[in-house]
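Here is a short report for a reader new to this structure. Look over the sequence and the model first, then read on.

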Amino acid sequence: MSVDLKGRHFVSMADFNREEIEQTLKVAETLKLERAMRKPHPLLAGRTLAMIFEKSSTRTRVSFETGMLQLGGNGLFLSSRDLQLGRGEPVSDSAQVLSRYVDGIMARTYKHETVTELSKYSRVPVINGLSDYEHPCQILADLLTLYEKRGKLEGLKISYFGDGNNVAHSLMLGAVLVGAHYAGAHPAGYMPEGKVVEQARELGKKTGAKVDITSDPHEAARKSDMIYTDVWTSMGQEGQEAERIKALGPYQVNARLMAEAPPHCVVMHCLPAHRGEEITADVIDGPQSVVFDEAENRLHAQKALLALTIR
């Protein structure tokens, strides 16, 4: 290994530098190949990962739990009903207690501050399985998928359409860290956080990557190597659904938008998808979609992350 990630937290995409991300993707490739060959890799035998879920998820739970099992360890599912996290007990106390029982903590939470506080007080690695600010594990899987399809990441153009949310934040940071250009297309009121844009542009100065934020979806799609979208209404935003559909409608990923991009451009979505809203069925189920390869790669990318960070 050219880098040592043992004991490291992964709360933000920017917690890892380019070399560390590339190392994680290389390990993911190896573990994926070994799994295909039915070659066991019990790298975390006897280790336990606490999996905290304030928000439910098919992919996050199954990929982390299966990943720990394939690595020879154990994934311990903890729902909000199982914990006093931030209610009857301060997050800092929960972090100190849990980290004396387990070897790693994965948290899928509403507030980003919950994950950052867990990492501040935990003596074992804390992994952000999703927060309202970032979704870094998803982006590791996305970068792995894009690398598999194109054979490189540097110099490619990654384009995101719709709500400038947690996925957009992590995708923007991840893209520039590996030297890929990022284009985000959003309507007014749904732009990504300005401080994330500035952070990404600063990181891009080191890798030669550019960040363009526009309100024109067709401009963002041109010359793109990867088109990405996410649901317009996330958990906890149901009361805004009609307003969001109206505002984000022009940013739907459909055949007309795809015609602006080169034929080799791939389509990604972190799932679950609402066909007919942020993406049309003909696109997500079409020949340029790599959505289910991307979903599978959550398993392999996260296994690499766990194997590299847990002591």
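## A charge over a ring

A charge sits over a ring if NZ of Lys or CZ of Arg is within 6 Å of the ring centre and within 35 degrees of the ring normal. Arg61 meets this rule: its charged end sits over the ring of Phe77, 3.8 Å from the centre.

## Ground rules

This is a predicted model, in which local features need pLDDT of at least 70, side-chain atom pairs count only at pLDDT 80 or more, and totals for chains, interfaces and linings use all residues. Residues are numbered from 1 along each chain as its sequence is written, and side-chain values use heavy atoms, with hydrogens and water left out.

Helices (H or I, at least four residues) and strands (E, at least two) are DSSP runs, numbered from the N terminus. Two strands pair if DSSP finds at least two bridges between them. Contact means heavy atoms within 4.5 Å. Axes are lines fitted to C-alpha atoms, for helices over the stretch in contact, and angles run from 0 to 180 degrees between N-to-C directions.

## The four-stranded sheet

Four strands build an open, parallel sheet in the order β2-β1-β3-β4. β2 (74-79) and β4 (126-130) stand at the edges with a single partner strand each, so one side of each has no neighbour in the sheet. The twist averages 20° from one strand to the next.

Six bridges link β1 (residues 48-53) and β2 in the parallel sense. Ile52 has Leu78 in β2 as its bridge partner. Helix α2 (residues 58-70) lies across β1, β2, β3 (104-108) and β4. This helix runs at about 175° to β1.

## A tilted aromatic pair

Rings of Phe, Tyr and Trp (its six-membered ring) pair if their centres lie within 6.5 Å; planes under 30 degrees apart count as stacked, over 60 as edge-to-face and the rest as tilted. The count comes to three aromatic pairs. In one of them, the rings of Phe53 and Phe77 have centres 5.2 Å apart and planes at 35°, so the pair is tilted. Phe53 lies in β1 and Phe77 in β2, so the pair ties together parts that are 24 residues apart in sequence.

Are these two residues buried or exposed? Buried means under 20% relative accessible area, exposed over 50%, partly exposed in between (1.4 Å probe, protein chains only). Phe53 is buried, at 4% relative accessibility. Phe77 is partly exposed, at 28%.

## The five-stranded sheet

Another open sheet has five strands, in the order β7-β6-β5-β8-β9, with parallel pairing. β7 (211-214) and β9 stand at the edges, each with a single partner strand, so one side of each is left without a neighbour in the sheet. Here the twist averages 20° from one strand to the next.

Five bridges join β5 (residues 157-161) to β6 (residues 181-185), and these strands run parallel. Ser159 has Ala183 in β6 as its bridge partner. Helix α5 (residues 136-150) packs on the sheet and touches β5, β8 and β9. Its direction makes about 165° with that of β9.

β8 (residues 226-229) and β9 pair in the parallel sense over four bridges. Thr229 has His269 in β9 as its bridge partner. Strand β9 (residues 266-269) is covered on both faces: Val266 and Met268 on one side, and Val267 and His269 on the other, are all buried.

## The nonpolar cores

A nonpolar core is a set of buried Ala, Val, Leu, Ile, Met, Phe, Trp, Tyr and Cys residues joined through side-chain atoms within 4.5 Å. The largest has 60 residues. Met13, Ile21, Leu143, Ile158, Tyr182 and Leu306 have the most contacts inside it. Helix α6 (residues 166-177) gives the most to this core, with eight residues. A second, separate core of 19 residues includes Phe161, Ala273, Ile279 and Ile284.

Thr24 lies in helix α1 (residues 18-36). Thr24 is buried, at 1% relative accessibility. Thr24 and Ala301 are 277 residues apart in sequence but 7.2 Å apart in space, C-alpha to C-alpha.

## Backbone details

A cis peptide bond joins Leu271 and Pro272, with omega about 0°. Pro272 is in the loop between β9 and α11 (281-284).

Arg38 is not a glycine, yet its phi is positive, near 60°. Arg38 is in the loop between α1 and β1 and is exposed, at 67% relative accessibility. Leu130, in strand β4, has a positive phi of about 155°. Leu130 is buried, with a relative accessible area of 8%.
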